[in-house]
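Open your viewer and keep the selection tool at hand.

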Amino acid sequence: MMPHIVFVTHGYVPDSDANITCTRNIICGLLQKGYVVSCVCGGSLAEDMKEPFVGGVRVIRVPHTTYEQTVNACRSSFMRAVYQARHIVKGVALLPRFPNTSPKFADALYRVLEDLNTERHIDCIVGVFRPYAPVFAAMKYKKKHTDVKVIGYYLDILKGAVKPPLLPQSMYEYLCDHREKRIFCKLDCILMAENGRRFYDGNSLFNSIKHLHYINFPTLILSDETGDGAPCSEMGKIMLTYAGYMDKQYRNPEIVIIDIIALAECSERPVELHLYGSSNMDDTIDSYVKKYPKTIFYHGRVAKKEADAAVARATAIISIGNDLKGVVPSKIFELFATKKKLLHFSDNRMDETLSYFELYPNACIIDKSQLPADAASVIKNFLELSPKPISNEFLKKSFFSATPDLTISYIEKECTHGTGC
């Protein structure tokens, strides 16, 4: 009988974000190999709770609403301020339990694991970080069931997040290092995002951790189709598409919007910038939509199929580099798989993705510090070039660590032989 592998995560399909995409890709690969896979996750929508199976995966959802979802759904600026203040107070109160900032959610996930085990024995649990609650639930389960293999699947870096308000930087780094050391010692295997090297390899505190292995985000899904990534043109327009989360602090689309407005003013062809995804700066983006209704289009959060269709139609795809050191967005490998032209807006002082974009033949890197007119000129010249043909073999060779195959191989070894890392 094939092992029963349970993923514990903050959410799952039909919800969509970077971590869900990565988790889904790994789960699909394990299913193809014949493993029995279940998923225990959070769920905020009532209709989500009713669907017990998604693509052959048993999905058990625990009611949970994140702070970001609560704030984004609040249209009252006063109530938004109240939620933000309450969030700060809660964060300070929970510092002794850091990084378990959602203890009720973590305990609820654990209870579901216990119930699931009565239906079918669990052989391996993969706790997906971020947030920390799924990892905590998996470790708590292992205290009682010592035979189960527990893997910490770190798709994000604890230090890679925005520092909690009011917390000194030195204290934050101390908490991150010492709490993670204790957590890592309790896990059977740690699969860590590649950009974590800069935090752990040079840190003597983690020298004794021998079961830590670095992988990339498994988003390089290659289709059997061949092509050069040429756009599906629409009425002679230049259609530029961004699909992903937008954040005022670390992934701000405002520079992109300003540069594309400058491009529209100097282009002979109509230019449209389509933004897909949730954001914590709706008011700012909406102000540009109102001022430039023929150029800027903000669609908000949509189903993944709709966002994928928009990407397929695009003349070029927009990528926004994170303004956080040591953070690589999982989305970039998904973009490489399209073989399309990519416009990557970057601050080279903090952008950890530049080495990847330099390998991709159809990329144009735009310095965020450029004047809008200069950036528009660079973009215009790049868009006039024909896309270079890119083969699946080239992509797989260049970015093998971003294929699901590598991550799956470590999970297989751990859950069957206990030698994954």
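The tour below goes through this predicted model one selection at a time.

**Stop 1: helix H9.** Select residues 282–291, which form helix H9. Which residues of H9 are buried? They are Asp282, Ile285 and Tyr288. These three share one side of H9, because they cover an arc of only 130 degrees around the axis. An α-helix has 3.6 residues a turn, so residues three or four places apart point the same way.

Now turn to the other side of H9. Select Asp283, Lys290 and Lys291 there: these residues are exposed.

Next, show what covers the buried residues of H9. Helix H8 is part of the cover; select 254–266 to see it.

**Stop 2: glutamate 334.** Select residues 331–336 to display helix H11, then pick out glutamate 334 within it. Is glutamate 334 buried or exposed? Glutamate 334 has a relative accessible area of 19%, so it counts as buried, the cut-off being under 20%. Which residues does glutamate 334 touch, not counting residues up to four places away in sequence? Select Thr21, Thr219, Lys304 and Asp308 to see these contacts.

**Stop 3: a surface patch.** Show the surface and select Phe78, Met79 and Val82. Together they make a nonpolar surface patch of about 270 Å². Keep methionine 79 selected and display helix H3, residues 77–93, where this methionine lies. Methionine 79 counts as partly exposed, at 32% relative accessibility.

Definitions and conventions
Residues numbered from 1 in each chain as written. Predicted model: local features only at pLDDT ≥ 70, side-chain atom pairs only at ≥ 80, totals over all residues. Heavy atoms only, no water. Buried < 20%, exposed > 50% of the residue type's maximum accessible area, 1.4 Å probe, protein only. Helix = DSSP H or I, 4+ residues; strand = E, 2+ residues; numbered from the N terminus. Arc of directions from axis to C-beta. Contact = heavy atoms within 4.5 Å. Patch = residues over 30% accessible without salt bridge, like charges linked within 9 Å, V, L, I, M, F, W, Y side chains within 5 Å. Areas by Shrake-Rupley, 256 points an atom, 1.4 Å probe, with all protein chains shown as cover. Salt bridge = Lys/Arg side-chain N within 4 Å of Asp/Glu carboxyl O.
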